[in-house]
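Colleague: Could we go through this model together, with the terms spelled out as they come up?

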Amino acid sequence: MSLFDSISFIKPGSWLGLLGGGQLGKMFCNSAQQLGYKVVVIDPSNDNPASAVADLHLQSSYDDEDVLNHFSSICKSVTVEFENIPVHSLSFLAKKKVRVCPSYESIAIAQNRILEKEFISSLGIDLAPYAVLYDYEDCINISENLFPGILKVAQLGYDGKGQIRVKDKGQLIKAFDDLGKVPSVFEKMLPLDQELSIVVARGFNGKTQEFPPSINFHSSGILSSSIITSSNHEIYSNIDISRVSFIAKKIIDSLKYTGVLCIEFFIVGNRIIVNEIAPRPHNSGHYSIEACITSQFEQQVRAMVGLPLGDTSLMSSAIMINLLGDVWFDKSSGLQREPNWVQALDILGAKLHLYGKNEARIGRKMGHITLLGNDVYELNKRAYDLCSIIGIDYESV
Ligand code: ADP
Ligand code: MG
């Protein structure tokens with residue numbers, strides 16, 4: 001190890017801090033504990049996936065200074081499980097000499113669509129045509145070329161929430177009202193050929209390591225499945241995939257980032273358009289738990305403790321299928337039911353992850369299944385069978 005590495009290295013046995021208690025946090029805890037670290041999590045709810053496995057849960061809002069003081073006295077390095085942590089809490093922790101990974105400057109950009117788009121476009125990277133809206137006048141003055149489009153609140157949206165699709169100015173004004181007249185972006189609806197994402201990590205020494213890009217399918221704005229294979233040329237539409245890596249590296253290096261970052265792309269013809277970035281592991285990277293030598297969660301731990309980033313090589317092709325609360329309800333009767341796990345896990349190569357959420361709700365992410373295999377077309381067939389057992393409409397490549 002170089003002198004720099006040995007200075008930035010935090011030893012196993014130390015405490016790591018996590019802001020947010022969702023499923024990404026739970027999987028982060030699993031990896032941190034595997035490497036011998038202890039995790040303290042702040043989350044306001046008393047029942048969340050991460051606190052069920054963390055070594056300590058501080059049940060609190062994210063901006064209580066007493067709690068943040070206590071938190072910073074326990075842990076050496078802090079990371080986030082979702083992007084909507086108040087930036088002033090992150091800068092408060094940074095002032096307490098706690099290592100905040102990624103930095104609050106990067107999180108501030110990623111949690112605000114206006115700043116995010118300004119940043120991406122300042123790098124000369126292609127974006128969907130958009131306008132920023134602060135008030136009715138901005139809605140009225142908007143260019144007709146942007147219709148039909150999607151109104152997205154600048155902050156706090158996720159999984160398609162905080163978004164409304166509109167066809168004309170009248171609908172836009174109503175949508176702006178419905179979303180609370182908050183600062184927003186209005187994006188032109190694009191005819192997407194494909195959606196891709198790439199998870200990339202950067203360590204303290206500036207070295208980066210990418211995971212293989214996944215092809216993603218969404219339903220009602222929520223990720224439904226991802227497919228990952230090394231036989232890229234067969235399934236990536238029309239584009240040179242090395243351009244996606246080039247853009248990812250440009251973004252993570254320009255942010256001088258430390259940690260794990262996901263970049264979502266839209267492919268339209270041969271255009272590679274950045275949709276958004278997430279300053280954390282991502283649902284579309286869950287396949288890495290079983291399919292890569294190092295998972296995105298282990299990479300998050302390695303980056304924040306100053307360990308070398310792990311090998312992200314793909315050991316097998318994979319299809320990841322999200323389990324939303326919808327599958328806990330019978331489609332015709334609407335009555336609650338338990339999905340048929342016994343039959344589902346009889347499918348070759350199926351690995352089930354349930355996050356331990358007590359209440360299934362429509363659209364709520366309850367778990368996922370990763371299917372592993374070598375031949376992507378055969379894998380696709382198994383994914384189709386699995387989805388029909390569970391009651392999911394499967395969209396395939
Ligand atoms: P979220 O933060 O909820 O993930 P996104 O901006 O990624 O919000 O939008 C969710 C999904 O909606 C995208 O993955 C894509 O399927 C669809 N979508 C969003 N913006 C556009 C657009 N401009 N054109 C076409 N589809 C879009
Ligand atoms: Mg998205």
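Colleague: At about what angle to β9 does helix α6 run?

Modeller: In this predicted model, local features need pLDDT of at least 70 and side-chain atom pairs count only at pLDDT 80 or more, while totals for chains, interfaces and linings use all residues. Residues are numbered from 1 along each chain as its sequence is written, chains are lettered from A and ligands numbered from 1 in the order in which they are written, and side-chain values use heavy atoms, with hydrogens and water left out. Helices (H or I, at least four residues) and strands (E, at least two) are DSSP runs, numbered from the N terminus, and contact means heavy atoms within 4.5 Å; axes are lines fitted to C-alpha atoms, for helices over the stretch in contact, with angles from 0 to 180 degrees between N-to-C directions. Helix α6 (residues 113–122) lies across β6, β7, β8 and β9, and its angle to β9 is about 55 degrees.

Colleague: What is the strand order of the open sheet of four strands?

Modeller: Strands pair if DSSP finds at least two bridges between them, and β6 is joined to β9 (residues 184–188) by four, running antiparallel. The edge strands, each pairing on one side only, are β6 and β8, and the order is β6-β9-β7-β8.

Colleague: Is E264, which coordinates the magnesium ion, buried or exposed?

Modeller: Donors are N, O and S atoms within 2.8 Å of the metal (3.2 Å for Na, K and Ca), and sites may look incomplete as water is not among the atoms; here E264 and E276 coordinate ligand 2 through OE atoms at 1.9 to 2.6 Å. E264 lies in β14 and E276 in β15, so the pair ties together parts 12 residues apart in sequence. Buried means under 20% relative accessible area, exposed over 50% and partly exposed in between (1.4 Å probe, protein chains only), so E264, at 12% relative accessibility, counts as buried.
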